[in-house]
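Reader: I am new to this kind of entry. Can you show me how to read it, feature by feature?

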Amino acid sequence: MHPATLTTGTPPEVDPPVPTWPQAREIARTAPPHPLPAVTRPLSDALGHVLAEPLTARTDLPAFDTSAMDGWAVAGPGPWQLRDDRVLAGGQAEPLAPGTALGIATGAQLPPGATAVLRREHGQVDPSGGILFDRAPTPVAPGRDVRPRGQECHEGQPLLPTGTTVTPAVLGLAAAAGHDRLAVHRRPTVELLVLGDELLDSGPPRGGRVRDALTPLLTPWLRCDGELIGSRRIADDFGLLRAATSDSPADVVITTGGTAAGPVDFLHRALADLDARLLVDSVAVRPGHPMLLAELPPADGRRRWLAGLPGNPLAAVAGTATLVHPLLSSLNGSAGIVPHRAAAAADLPGHPRSTRLLPVVLRENTATALPFDGPAMLCGLALSDGLAAVPPGGVPAGSTVEVLEAPRPW
Ligand SMILES: Nc1nc2c(c(=O)[nH]1)N[C@H]1C(S)=C(S)[C@@H](COP(=O)(O)OP(=O)(O)OC[C@H]3O[C@@H](n4cnc5c(N)ncnc54)[C@H](O)[C@@H]3O)O[C@H]1N2
Ligand code: MOO
């Protein structure tokens, strides 16, 4: 053929460039145009969700002037005429006249007229006359051992911004501030499809087959970021994979295995057959480079995504950190992933062109790489505090690297 004829006709298809690791995370983070809608949930059901509106105080905190110590509420300087009654936490007492005192417990509301609290160990009572003497090293001053109303916050004041993840501490604060329910974003529903006829569910590897390490590894992590509605094993069969993907009711389908080009790696074919839109098809990262992200056709008007994680276990973890966590966080309405950084304790070896994700231990904010970091290995990961993202070419000792800390669902 004359060379000129090569310039006519359909141009050859060129594969799009493989995104860098930071680009892939950003594509996953920005794939959903906005977080899932807001819902209200009781406190008992809100853990792990993300606030869809600021948490405001429904009360002053403390809600009333409160005794910080066990002792006596006193009015003015001592000595004081001791009253017969006392006030416990949860109770209320009649006003206190100047020059009088009454017994009070930590957490009890100060009676009107009280100026301070004298601790039990600083007071001495004359049993005959019912007189209370101040034996503190310095005489009790107004306001001593009182937690004044509104010391921490005032009613209507914002306490936490939209985008805050509801942790146990947030639940405690919300309850203290008077809330029974929280406005949070709906969490994405997630289904895990684990591919591979070679996988065993119990006992040691045998007959050329291996244990499924990814169901036990990924399901608790996925529960941190979403509502895991199911986890299924799918045989290496195109029709079964296509049907499982297309019929999944989840907002986000996660598959493991089948991303490469082996004889029974059907994921790309299934996605093409379903008219899915590939957003990421391989990433410049080791391990895990065959990971992918696709948008599935909508179901019932809902947008749906699929993250395809490579089958090698550490590669699947790399895919979870790179694509799944940013995607789910964004659907959850999370304010963004705050990167944790640490100094490399020694040189961290890199890949010439790709980011390397290396299991590291963190000690005093330095990161030390662990052995057994191969894509099919889990010994390094199991001992690690997280994965260091080592840029192409590696980093010398002392320089700073981002460390992705594993979520701890317990
Ligand atoms: N010709 C090429 N072959 C491969 C390439 C390549 O670029 N060209 N990439 C390699 C890389 S890198 C990876 S990672 C794997 C990705 O493979 P798949 O996603 O298709 O995964 P499988 O082939 O199904 O499995 C790979 C490996 O992982 C084991 N596996 C799978 N699932 C589990 C599980 N749940 N628990 C434990 N182990 C699992 C599986 O038995 C295989 O050993 O492709 C390379 N090949
Ligand atoms: O994803 Mo593979 O090496 O990168 O196991």
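Reader: Which residues surround ligand 2?
Author: Keep in mind that this is a predicted model. The residues around ligand 2 are Arg 286, Pro 287, Gly 288, His 289, Pro 290, Pro 310, Asn 312, Ala 315 and Pro 375. Sorted by class, this shell has five nonpolar, three polar and one charged residues.

Reader: And ligand 1: which residues come nearest?
Author: Leu 214, Gly 257, Ala 260, Pro 310 and Gly 311 come nearest, out of 26 residues around ligand 1. Pro 310 is also listed around ligand 2. The shell of ligand 1 has 14 nonpolar, nine polar and three charged residues.

Reader: Which strand and which helix each supply at least two residues of that shell?
Author: Strand S13 (189–195) and helix H6 (313–332) do.

Reader: Where does UniProt place the MoaB/Mog domain?
Author: The unreviewed UniProt entry puts "domain: MoaB/Mog" at residues 191–330. That span is 34% helix and 32% strand. Its end C-alpha atoms lie 17 Å apart.

Reader: How should I read a sheet?
Author: Begin with the general idea. Strands of a sheet pair through backbone hydrogen bonds, and the pairing is either parallel or antiparallel. Then read the strand order. One open sheet here has six strands, in the order S16-S13-S17-S21-S20-S18, and its pairing is mixed.

Reader: Why is one side of S16 and of S18 left without a neighbour in the sheet?
Author: Strand S16 (227–234) and strand S18 (277–281) stand at the edges, and each has a single partner strand, so one side of each has no neighbour in the sheet. On average, neighbouring strands of this sheet are turned by 20° against each other, with direction ignored.

Reader: In what sense do S20 and S21 pair, parallel or antiparallel?
Author: Antiparallel: six bridges link strand S20 (residues 292–299) with strand S21 (residues 302–309). Look for Ala 299, whose bridge partner in S21 is Arg 302.

Reader: Which strands does helix H4 lie across?
Author: Helix H4 (residues 238–247) lies across S13, S16, strand S17 (252–256), S20 and S21. It runs at about 170° to S16. Helix H6 lies across S17, S18, S20 and S21, at about 165° to S21. H6 is the helix that helps to form the shell around ligand 1.

Reader: What is the strand order S7-S4-S6-S5-S9-S8?
Author: It describes another open sheet of six strands, with mixed pairing. Its edge strands are strand S7 (116–119) and strand S8 (123–126), which pair on one side only. The twist from one strand to the next averages 40°.

Reader: How many bridges join S4 to S7?
Author: Four bridges join strand S4 (residues 71–74) to S7, and the two run antiparallel. Gly 71 stands opposite Arg 119 in S7.

Reader: What do S8 and S9 form?
Author: A hairpin, with four residues between the strands. Gly 130 in the turn has a positive phi of about 65°. S8 and strand S9 (residues 131–134) pair in the antiparallel sense over four bridges. Val 125 has Leu 132 in S9 as its bridge partner.

Reader: Which domains does the assignment give?
Author: Domain 1 (21–36 + 187–332), domain 2 (42–58 + 156–185), domain 3 (66–147) and domain 4 (340–405). The centres of domain 1 and domain 2, taken over C-alpha atoms, are 31 Å apart. Their contact takes five residues from domain 1 and four residues from domain 2. The domain 1 side has three nonpolar, one polar and one charged residues.

Note on methods. Residues numbered from 1 in each chain as written. Chains lettered and ligands numbered in written order. Predicted model: local features only at pLDDT ≥ 70, side-chain atom pairs only at ≥ 80, totals over all residues. UniProt positions renumbered as here; feature names shortened; annotations may be inferred. Near = placed C-beta within 6 Å. Nonpolar A, V, L, I, M, F, W, Y, C, P; charged D, E, K, R; others polar. Domains from an automatic or database assignment. Contact = placed C-beta atoms within 7 Å. Pairing = 2+ DSSP bridges. Axes fitted to C-alpha atoms, helices over the stretch in contact; angles between N-to-C directions.
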